[in-house]
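Work through the exercises below with the sequence and coordinates open. Each task is followed by a solution in steps.

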Amino acid sequence: MSKPVVLIAEELSPATMSALGPDFEIRHCDGANRDELLSSLRAGVDAVLIRSATKMDAEAISAAKGLKVIARAGVGLDNVEIPAATTAGVMVVNAPTSNIVSAAELAIALLLASARNVSPAHAALRGGKWARSKYTGAELFEKKLGVVGFGRIGQLVAQRMAAFGMEILAFDPYLQPARAAQLNARLVSLDELLATSDFITIHLPKTKETANLINDEALRKVKPTVRIINAARGGVLDEKALYDAIVDGRVAGAGLDVFATEPCTDSPLFSLDQVVATPHLGASTDEAQERAGIAVALSVRKALAGELVPDAVNVKGGAIDEEIRPSLPLVEKLAQVATALADELPVSIDVKVLGDISVHDCSVLATSALKGALTATGAEDVTYVNAPGLASERGLTSSVATDRESPEYRSMISLHAAFSSGESITVNGTLMGIKLTEKIIAIDEFDLDLAPTDHLLFLRYEDRPGVVGAVGNTLGKAGINIAGMQVARDKKGGEALMAITVDSAIPTDLVELVRKETGSHLARTATLVN
């Protein structure tokens, strides 16, 4: 079999290539050269690795028939048309944590440089001036640092600046005061942060809510000695308002790595001695670039192996909690069993998560159920990316509910599938023991302890002697080896369910023969696909 093809569209570190390993055919192109990129994509690729210079828009995605994953070795995804990728079933992954240390360290570098006037003092010295008295700076010790946006990077900055003896104030509408206290920060309103901070560092993404958050009005609330750092996203800090505030003496200085429009080489701010600026260097360290390359290489490996990738940005449900991840394939299999038993695609699937794992975000399990049901009906190339769209086209919906109570198991999942015929089927499962072994523990009212192996046969019949022997005899004559068998019944002589695991697929005509030989009113096979 030919190896999956991975297209490297920009220069990546040797460690990235090592992380990909020998299981792929590696091709290279200059992603910034549009014609070369499109030609390489049309040649057929399974994955493309890019940085910031390659534009993966609808045209490029359409050209790449069979493309499964776009991997951006970095954080920003402005050069990837995510809706087009999602429609095409292409997973988009990035490396969201690869540059957090580098970005935090650059923010600190800008803060220190601003506090001690490093940039203008250096420029003066290079110009032959020894201007010690002109560039008197400010200490950080016992000063207040206001962190606007207390996410991962903001927290890293705060931890490091606390070692300088700074008092940390934090503004973040999504952070609880108790969590801030654990991080040795005091959660305050934005107005209080602006009014009391000696240094302000911004660590927010640019959204409709945060655009020009630090504007002229905000800059009229700060101390005249304040220095403001932005190494997050351009456009969160109003650059014109900042320029006016510095010129008017309402702000002492600033350190900037990002700008509203980039590349930015001509800004009035660059004319001010009070401003130290760098050209978006937050992620520009060897370590961050290598970390990003390795991260996306591992994501590509997972994606091409059919696994769900935690850093996929266009998978419904978002980031996957580590406690939920093992349940993804289990729910897929529960949905495959329910669909196989009805021999048709459900119109709705309700997933209920009970017990310990119910406290986590389980929303992605709705997509797991869709993927399992679609796969069971023969849909090809179903992924966590395109499953919601494919299901919507076929009139299938899914939902997830949670309940902290689980009567018999620490955690379990109940999947209820409803069909257009009016029939409904419930399949329950759990993960058992330290190894989290998958088990089907019930189908409708019948209790089981069934491993969801590749090939299953289910029979429903009136409980009576001789059925087990008839099944074994019929399958044995056909050379089908039975690996395991379970029988459950609602009462003696009542309705019975037999679940059989076999080593190979059972032909349709043999299933019908088993049904006749056993007098079953239902005989269905399920071939479970991981």
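**Exercise 1. Helix α5 and what follows**

Which residue just after α5 takes a positive phi? Then describe the span and the burial of α5.

Solution. 
- Note first that this is a predicted model.
- Step 1. Go to the residues just after α5. N117 takes a positive phi there, of about 55°.
- Step 2. α5 covers residues 100–115, which is 16 residues.
- Step 3. Check its span. From the first C-alpha to the last, α5 reaches 23 Å. That is close to the 22 Å expected at 1.5 Å a residue.
- Step 4. Check its cover. Buried means under 20% relative accessible area. In α5, 12 of 16 residues are buried, so the helix is mostly covered.
- Step 5. Name some of them. The buried residues of α5 include I100, A104, L106, I108, L110 and L111. S102 and S114 are also among them.

**Exercise 2. Two surface patches**

Find which residues gather in a patch of negative charge, and which helix gives the largest share. Then find the residues of the nonpolar patch.

Solution. 
- Step 1. Collect the acidic residues. E105, D286, E287 and E290 gather in a negative patch on the surface.
- Step 2. Assign them. Helix α12, residues 286–304, contributes 3 residues, the largest share.
- Step 3. Look at one member. E290 lies in helix α12. E290 counts as partly exposed because its relative accessibility is 38%.
- Step 4. Turn to the nonpolar patch. V468, M485 and V487 make it, with an area of about 210 Å².

**Exercise 3. Salt bridges**

How many salt bridges does the count come to?

Solution. 
- Step 1. Apply the cut-off: a side-chain nitrogen of Lys or Arg within 4 Å of a carboxyl oxygen of Asp or Glu. The count comes to 25 salt bridges.
- Step 2. Take E25 and R27. Their closest N and O atoms are 2.9 Å apart. E25 has 34% relative accessibility and counts as partly exposed. R27, at 26%, also counts as partly exposed.
- Step 3. Take E59 and R34. Their side chains meet in a salt bridge at 2.8 Å, N to O. E59 lies in helix α3 (residues 58–63) and R34 in helix α2 (residues 34–42), so the pair ties together parts that are 25 residues apart in sequence. E59 is partly exposed at 46% relative accessibility. R34 is partly exposed at 25%.
- Step 4. Take R220 and D216. The N to O distance in this salt bridge is 2.9 Å. R220 is exposed, with a relative accessible area of 54%. D216 is partly exposed, at 29%.
- Step 5. Look for shared partners. Salt bridges that share partners join K144, E167, R186 and E192 into one network.

**Exercise 4. Backbone exceptions**

Where does the cis peptide bond between E262 and P263 lie, and what is its omega? Then place the positive phi values of N184 and D444.

Solution. 
- Step 1. Read omega. The cis peptide bond that joins E262 and P263 has an omega of about 0°.
- Step 2. P263 lies in the loop between β11 (253–256) and β12 (275–277).
- Step 3. Take N184. Its phi is positive, about 60°, although N184 is not a glycine. N184 lies in the loop between α8 (177–182) and β8 (186–187). At 63% relative accessibility, N184 counts as exposed.
- Step 4. Take D444. This residue is not a glycine either, yet its phi is positive at about 50°. D444 is found in the loop between β17 (437–443) and β18 (446–450). At 25% relative accessibility, D444 counts as partly exposed.

**Exercise 5. A residue of α16**

Is T474 buried or exposed? What separates its C-alpha from that of D503?

Solution. 
- Step 1. T474 is found in helix α16.
- Step 2. Classify T474. Its relative accessibility is 8%, so T474 counts as buried.
- Step 3. Read the distance. The C-alpha atoms of T474 and D503 are separated by 15 Å. Along the chain, T474 and D503 are 29 residues apart.

Methods:
Residues are numbered from 1 along each chain as its sequence is written. This is a predicted model: local features need pLDDT of at least 70, side-chain atom pairs count only at pLDDT 80 or more; totals for chains, interfaces and linings use all residues. Side-chain values use heavy atoms; hydrogens and water are left out. Patches are made of residues with over 30% relative accessible area and no salt bridge: like charges are joined within 9 Å, nonpolar side chains (Val, Leu, Ile, Met, Phe, Trp, Tyr) within 5 Å. Accessible areas come from the Shrake-Rupley method with a 1.4 Å probe; for residues, only the protein chains shown count as cover. Lys and Arg count as positive and Asp and Glu as negative; His and the chain ends are not counted. The place of a charge is taken as NZ of Lys, CZ of Arg, CG of Asp or CD of Glu. Helices (H or I, at least four residues) and strands (E, at least two) are DSSP runs, numbered from the N terminus. Buried means under 20% relative accessible area, exposed over 50%, partly exposed in between (1.4 Å probe, protein chains only). The expected span of a helix is 1.5 Å times one less than its number of residues.
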